[in-house]
Amino acid sequence: MCDNKKPKITVVELKSEKNSPAPDLHLSASDSGSTAGMPVSDGHKSRISEDAQKIRRRKANFEQYLCPKMAVSEETSGPGPTDSEMADQGSTGEGRIMEEQVRTDEPSKSPVDEGDPLVLNLSVVDHNGPETTVSNSAANIHPIEADLAIKTLVNEMFTGHPPVESTIPQRSKSDAQDLCPFCGLMLHRKNLQVHLRRKHPDQVLNQEKPASAQVKNPKQQRLPLRKQQKTGEYPALVAHVQTHERSVVKHGGYKMYKCHLGCIDSGHYHCCYCRQSIIRKNLFINHVQKCASTKVHIPSTEPSRECLETCALKPTNFPSSHSISTVSATCDPIPKPLTTPGLPRALTSPPVASTSGSSIISAPCMVDHSASETSSLTDSKTAVLHPTIVMPSDIQNIVSANPTECISTSNKKIPKCRPKRTMCCFCNKILNKKNIKTHIQRRHSSSFHHPSTCTDRTNGLSAVGGTVTGPVAMESTIRDVFRHCIRFPVPISASVVTEELVDTATDKRCITVLARWSQCDLERGMKLHFSQRWTLLCKHDTIEHVLPSGPSSHIEKELLSCQSPSGTLQAVIREEAERQYLEVWGQNGLEKSLDLIALNKHGKVYEDAQFACLAWSPCEKKLLYVAEKKRVEPSAQSSFASASEDGGLVLLEEQDKNVYIEDWGEGLVGKSCPVLCVADLLKAAVIVYAGIPPNISPGQALWGPNGRGVVFVGQWNEPFRLGLKFCSNRRSALFYLNMKGNCECLSSDSMSVSSPRMSPDSCWIVYLQGQVFGPHHQCLSMMLYDMKNRSTSVLVDVVRRAEKGQFAGIYESLPSQCWSADSERIFFSSASENNKAVFSVNRTTGRVTQVCGLDVLRLDDFGSVQLLTIQKDLMVMSCSSPNQPPCLRVGFLSTVDQAEDLQLCNLGGAEVYEEFYWQPMLIKPPSQEENHQFSGLNFGAILLKPYSPQERRKTPLVVNIHGGPHSHFAADWNATAAALSKLGFAVLMVNYRGSTGFGQDSIESLLGNVGSQDVKDVQRAVLCALHNETTLDPDRVAVMGGSHGGFLACHLIGQYPDFYRACAARNPVINAATLLGTSDIVDWRYSSVGLQYAFDQLPTSQSLTSMLEKSPIIHAAQIRAPVLLMLGGRDRRVSPHQGLELYRALKSRNTPVRLLWYSDEGHSLSKVNTQSDCFLNIALWFKEHLN
């Protein structure tokens, strides 16, 4: 179309009058400048008459080929004038309208040509003067406005010639107003049509086509002419083309028009990169820009000859065969526009059959065919190229054999590529095109939430609610669902900051509660931490009102923080730019700051859960923390380090940069020799405590009574260090270190010790104790140490086997603040079957009571309650369920062991209930699957299931297996399981025998039975779920798991190859025999197969054989299900070579397998970007293979 700066003729009317012997010439100008009367020469008349018939013929072809929806009117009849007759009606004159005439020897007549003699109505209206009729004088030899306007339209739309610049001055802004023909209101030209539709709809519908002399401005003719689009006259064609210009999208030098060719139900755009059909213009612009910035491989393909004939353009010399070239999107796949203006040329090319074993279907291509005949469309510079979809070889014949529908024209039949069968974009299934929409709604409704409003049956794409669903849209949907589920913050700690007495007479108090949260930010790929404060108005032990919290405060780069006993100070250890600072904040801002690296007393401060601590002394003048021992640089005088006065530089190893230094394994890389450090705030100095034996690594330290000593947990690091994370079976003991450097052991030195907690009166210490070696995580006993009498007693013993609904033992570390104000009760959280609850134990009687009874405290909707802290008898708990994200509950204790007196209030968190339900399952194995040494054991599972599926379809089932194996699936918020449920999957999380929460017997029953007992338990749970829930689809079951869960997942697809359809495993154990020498927990490799471990033990052929026989690698030959492997390149617990071993075994047998390698990840794959990528690949893997 013409550029906005050039003159335009918006309406040109070709009117026939039966009784008119000769045509009268009138001119109607718009946007062209002055409208004073201008004469028209006889030569111009003949040119206009001759060109008018050519324009009509080209217009008829345009309507028939490119605008099928625009019918040709049959109102006019009778023979039309010939070329000679048209020429005889006017005399020759000076001036030419067109620089080059396009002539045909034998013009064919269209239905429009068979009309009465033409009257070319070119009336000119001057807004500032009377209407004038142009005479036939030839005095003016310069081209008039009508000539230039018609020339512009003809050249731009049909002839292919560039537009001619106008010499007529532009109309001023004051002329851009029109007069309403019905009410006489003067309006801006662009508002006239809206005014007519709103104010005069009836008059517009009943209005006959007005005479040119009755209209004050050609713009007023536009609306009635649009009602005559089916008349086939030239003005209607102009108005029709102008409607396409309004929706054009310019990108990369091309104009992309809205498609109305009937390929889908409504007007839409076709993306030139990814084949998608998008309805809304703004979404299409964003989509094209996104596709242009993405690197894709785009094949170049030529258009068909029918495509060229449809465009009425000259064909280009093409190669004899379809050559495919790969072009990167960074090489500007959209070429610069060619000089030939014209109509939209978005054409759909037919499928191109490949000569290889697969078929490639090319996307709709947008090609400018007006290049020179020597150019080839295989060049990426001359065509807009599109990615291809590679189809299986068995589909090639179906596609190539599709019959084609034909479109009849006046002289030939042009085949139109409309295959009767097409491929589903979700499952690649070949279906009849009339059934594709129903198939997508029934089989793939989980990928969108609204019924389809537009379906591209040719390409297998659908637009839903203004968006597109397809492979790319499915990926976007999965990301959005996971982003929704992982965005909910999770509380990590809480504390009671201050307490102020408001009214002494009524004992009204004002208490401030501080909570710290962790939240994942997928955009930045990191975990954010923030804090919130609430003010509680209390009377006695009752919360009367909770004041709303203010905005959350972002916590940046904090490693550790701690409130002082008085609540007036807060200590923070912060890390910035490889430097660590100890900061003390008070009521007046920052009060003290120490650069720990500059002091040069120790290495990095520990922030992990196994060693780290930050504690205020009772006098609030000192801070206790744990850091890495400082390493001395090698000197020329001595190869050994010398000891300083404070012991900070003691290093017993020879100083050599190549000497191997042990660490504490997975998650504790680089942490080898921890030391206790005390920062003296008054002196601004740091002291490293001496006196700790070199074979002991201190951690989890706290101040002793009156601050005269330090109590800590010491880990044995001899003869060598084993992995400590997730392992509660490492030899350790409780020690006391006084200020003089004397170290004393307070507990047994042959057990495992953790979580020491001092009572408020400084008279008692409770800690957890377990066995060394054996299960790496186990049921623990609670020990009580009397500081006055220096005696130890068992407060809570190990629970061997629990009754249903009863206390099942202690399996977690104690909260940092777990004592009641009177030092009589200890509170903790622990797993109990499929749930997690809060319990209290009486220090005197040892009685264990469940504090948060779900029925009594109206927490029926919560499956998990986690105690964060209890201070001054105020409990802060985190409550969640599989379908409800975490929220905070707070309440006071009133009487001893009276849980029913606990009044709870809501503090904050997400009050959201997701649209799926969950139910716990308790399963008893059949007699043939019983462990005769530990008979009568039950195990559990949790089933998450979407609400009634659409179309009454059965729901696919995903079996999720936890690692460990001694860990637990609690009925709490799980972002992965929730996201899978929202995507339409049912999720079964199995707590097989060996999981925590069911007693010590259940844990020990798994020793020596891995690969058999746990595999049967998972399979039994799946069969029970399928039996009890008839809406689950037994033909679409997938399995996933990590670590030992991946071990079981690979066992299941090998032992039950026809049952599972897909598998996803994260860092799985594949061959326990080869893992023996690479894992940081070598002791578990022996314990898992039922063998005792010792530090000096060497592998034997019997032990290696036993490990191999219990490994999934022996079933690799039977695996048929597609396997997705996700491996961490820095995994110290399970070497990534385990997954590579299975990968090679499956590849050699042509079993579908895909491996994702995360080079900077460890065993947990815990980075936010990694979690998102893993979930996306898992969901796409299951979507592909379960459908």
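User: How are helix H16 and helix H17 oriented to each other: roughly parallel, roughly antiparallel, oblique or roughly perpendicular?
Analyst: In this predicted model, the axes of H16 (residues 1013-1028) and H17 (residues 1044-1055) come within 10 Å and cross at roughly 75 degrees. Angles of 65 to 115 degrees count as roughly perpendicular. The orientation of H16 and H17 is therefore roughly perpendicular.

User: Which residues make the contact between H16 and H17, and how many of them are nonpolar, polar and charged?
Analyst: H16 contributes Asp1014, Val1015, Val1018 and Gln1019. From H17 come His1044, Phe1047, Leu1048, His1051, Leu1052 and Gln1055. Sorted by class, the contact of H16 with H17 has five nonpolar, four polar and one charged residues.

User: Is glutamate 929 buried or exposed, and which residues does it touch?
Analyst: Glutamate 929 sits in the loop between strand E51 (916-923) and strand E52 (939-946). Buried means under 20% relative accessible area, so glutamate 929, at 15%, counts as buried. Leaving aside residues up to four places away in sequence, glutamate 929 touches Arg993, Lys1016 and Arg1020.

User: Where does valine 1089 lie, and how far apart in space are valine 1089 and glutamate 1109?
Analyst: Valine 1089 belongs to the loop between helix H19 (1082-1087) and helix H20 (1101-1109), and its 10% relative accessibility places it among residues that count as buried. Not counting residues up to four places away in sequence, valine 1089 touches Gly1008, Ser1106, Met1107 and Lys1110. Valine 1089 and glutamate 1109 are 20 residues apart in sequence, while their C-alpha to C-alpha separation is 9.7 Å.

User: Glutamate 620 has a positive phi although it is not a glycine; what is the value, and is the residue buried or exposed?
Analyst: The loop between strand E32 (614-616) and strand E33 (622-628) holds glutamate 620. Its phi is about 60 degrees. With 18% relative accessibility, glutamate 620 counts as buried.

User: Asparagine 706 also has a positive phi; is this residue buried or exposed?
Analyst: Asparagine 706, which is not a glycine, has a phi of about 65 degrees and lies in the loop between strand E36 (696-703) and E37. Exposed means over 50% relative accessible area. At 58%, asparagine 706 therefore counts as exposed.

User: How many disulfides does the structure hold?
Analyst: A disulfide is a covalent bond between the sulfur atoms of two cysteines. Cysteine 485 counts as buried at 1% relative accessibility, and cysteine 727 counts as buried at 10%. The number of disulfides in the structure is zero.

User: What share of the residues in the protein is buried?
Analyst: The protein has 22 helices and 58 strands. Of the contacts between residues at least 6 apart in sequence, 63% join residues at least 24 apart. Among the 1187 residues of the protein, the buried share is 55%.

How values were computed: Residues are numbered from 1 along each chain as its sequence is written. This is a predicted model: local features need pLDDT of at least 70, side-chain atom pairs count only at pLDDT 80 or more; totals for chains, interfaces and linings use all residues. Side-chain values use heavy atoms; hydrogens and water are left out. Axes are lines fitted to C-alpha atoms, for helices over the stretch in contact, and angles run from 0 to 180 degrees between N-to-C directions. Helices (H or I, at least four residues) and strands (E, at least two) are DSSP runs, numbered from the N terminus. Angles under 35 degrees count as roughly parallel, over 145 as roughly antiparallel, 65 to 115 as roughly perpendicular and the rest as oblique. Contact means heavy atoms within 4.5 Å. Ala, Val, Leu, Ile, Met, Phe, Trp, Tyr, Cys and Pro count as nonpolar, Asp, Glu, Lys and Arg as charged, and the others, Gly among them, as polar. A disulfide is a pair of cysteine sulfur atoms within 2.5 Å. Buried means under 20% relative accessible area, exposed over 50%, partly exposed in between (1.4 Å probe, protein chains only).
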